[in-house]
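Colleague: I would like to go through this model one feature at a time. Please give the general idea, then the case here.

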Amino acid sequence: MECKVAVLGAGSWGTALAQVLAENGHDVRLWGHRQPQIDEINQQHTNQKYLPHHTLPASIQAFMSVKQAVQDVDALVFVVPTKAIRSVAQEVINHLNTKPVIIHASKGLEQQTHKRISEILLEEIPVEKRQAIAVLSGPSHAEEVAKHDITTVTAASTDQKAAAFVQRLFMNRYFRIYTNSDVIGVEMGAALKNIIAIGAGAIHGLGFGDDAKAAIITRGLAEISRLGVAMGANPLTFIGLSGVGDLIVTCTSVHSRNWRAGNLLGQGQVLEEVLKNTGMVVEGVHTTKVARELAQMMGIEMPITQTIYEVLYKQKDVKIAAREIMLRDGKKENEFSLPIF
């Protein structure tokens, strides 16, 4: 099955996914908005800023023109930052001449509206311009996928034919795809784990060890599940690839920009300095604000998210924040447990 696929977003993850698709024999177009980067991909078959010291398949064609990138495609893969999803979708619909399956591999929640990415795409791309919408998410780092490390992720859609299509499109010997119908759970797990990863990085930056790391991952999963289920997710999703799987990899790896940002905060850097040094979008910073607002609106207790919000947006000292969250009133571990069975 050879398909024409446009990947929108030439960052590290978009480039890695374009490589997977090209190696699977598909006709791949990679869209970006910086001409020097586009020229580099087309002429040198590299993307040094995002995947240094790595050679890309020569068959990948890069474009700055959205119109050229999306012509005649069978599938459209959004891999741009959450804040750009709506504007890119609005541009895309002016140039579609087919009805592609819409896939997104971004991880976040929109500010102000609090909407998930699939909800934004449903709003902006009318049904006459597309087939179903699917989400590709799970424990994956672009750097590792690019060098063919074994990776497993989830393709989620309310349309199981679309989920199976995405599975066939991407799956190969090193990149394995499972299908899921719980779009809400997959998207919420993907977005909220970035908040906990900032906290895990801060714990490391403060000098704490594995006990503290295990604590924040475990209690972070409780918060993610609590809010996700309140929004309509299946609780079982959070013990799967896009839940605990993605949470573990993002909270423990130096490849994670959210972990790196938290680590720098723990070492005493201010947020502005951290974001400058990271050099790429740190989705967890914006997601923390959105998740806190959702939790307050829905009456969901999320103490880790609240603490990270205070560090990011209220300039609270990280050491004080860590001490105060440890000194909260005692709780039962299963006080907010979920009725999984």
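**Reading the annotated domain and its strands**

Modeller: UniProt, in an unreviewed entry, places the feature "domain: Glycerol-3-phosphate dehydrogenase NAD-dependent N-terminal" at residues 4-163. UniProt positions follow the numbering used here, feature names are shortened, and annotations may be inferred rather than shown by experiment. The model is predicted: local features need pLDDT of at least 70 and side-chain atom pairs pLDDT 80 or more, while totals for chains, interfaces and linings use all residues. Residues count from 1 along each chain as its sequence is written, and side-chain values use heavy atoms, leaving out hydrogens and water.

Colleague: What share of residues 4-163 is helix and what share strand?

Modeller: Helices (H or I, at least four residues) and strands (E, at least two) are DSSP runs, numbered from the N terminus. The span is 34% helix and 20% strand, and its end C-alpha atoms lie 17 Å apart.

Colleague: Which way do the side chains of strand β5 point?

Modeller: In a regular strand the side chains alternate between the two faces of the sheet. In β5 (residues 101-104), Val101 and Ile103 point one way, Ile102 and His104 the other, and all are buried (under 20% relative accessible area; exposed is over 50%, partly exposed in between; 1.4 Å probe, protein chains only).

Colleague: How many bridges join β4 and β5?

Modeller: Two strands pair if DSSP finds at least two bridges between them. β4 (residues 75-78) pairs with β5 in the parallel sense over four bridges, with Leu76 opposite Ile102. Between them the chain passes through helix α4 (residues 82-92) in a right-handed β-α-β crossover; right-handed means that, with the strands pointing away from the viewer, the path from the first strand over the helix to the second runs clockwise.

β5 also pairs with β6 (residues 133-137), parallel, over three bridges, and Ile103 has Ala134 as its bridge partner there. β5, helix α5 (residues 117-124) and β6 form a right-handed β-α-β unit.

Colleague: Which residues does UniProt list for "binding site"?

Modeller: The unreviewed entry lists Ser12, Trp13, His33, Arg34, Tyr50, Lys107, Ala142, Arg257, Val281 and Glu283.

Colleague: Is Tyr50, from that list, buried or exposed?

Modeller: Tyr50 counts as buried because its relative accessibility is 13%. Tyr50 sits in the loop between α2 (35-44) and β3 (61-63). Contact means heavy atoms within 4.5 Å; leaving aside neighbours within four places in sequence, the contacts of Tyr50 include Ser12, Arg34 and Met280.

Colleague: Where does Ala142 lie?

Modeller: Ala142 is in helix α6 (residues 142-146) and is buried, at 5% relative accessible area.
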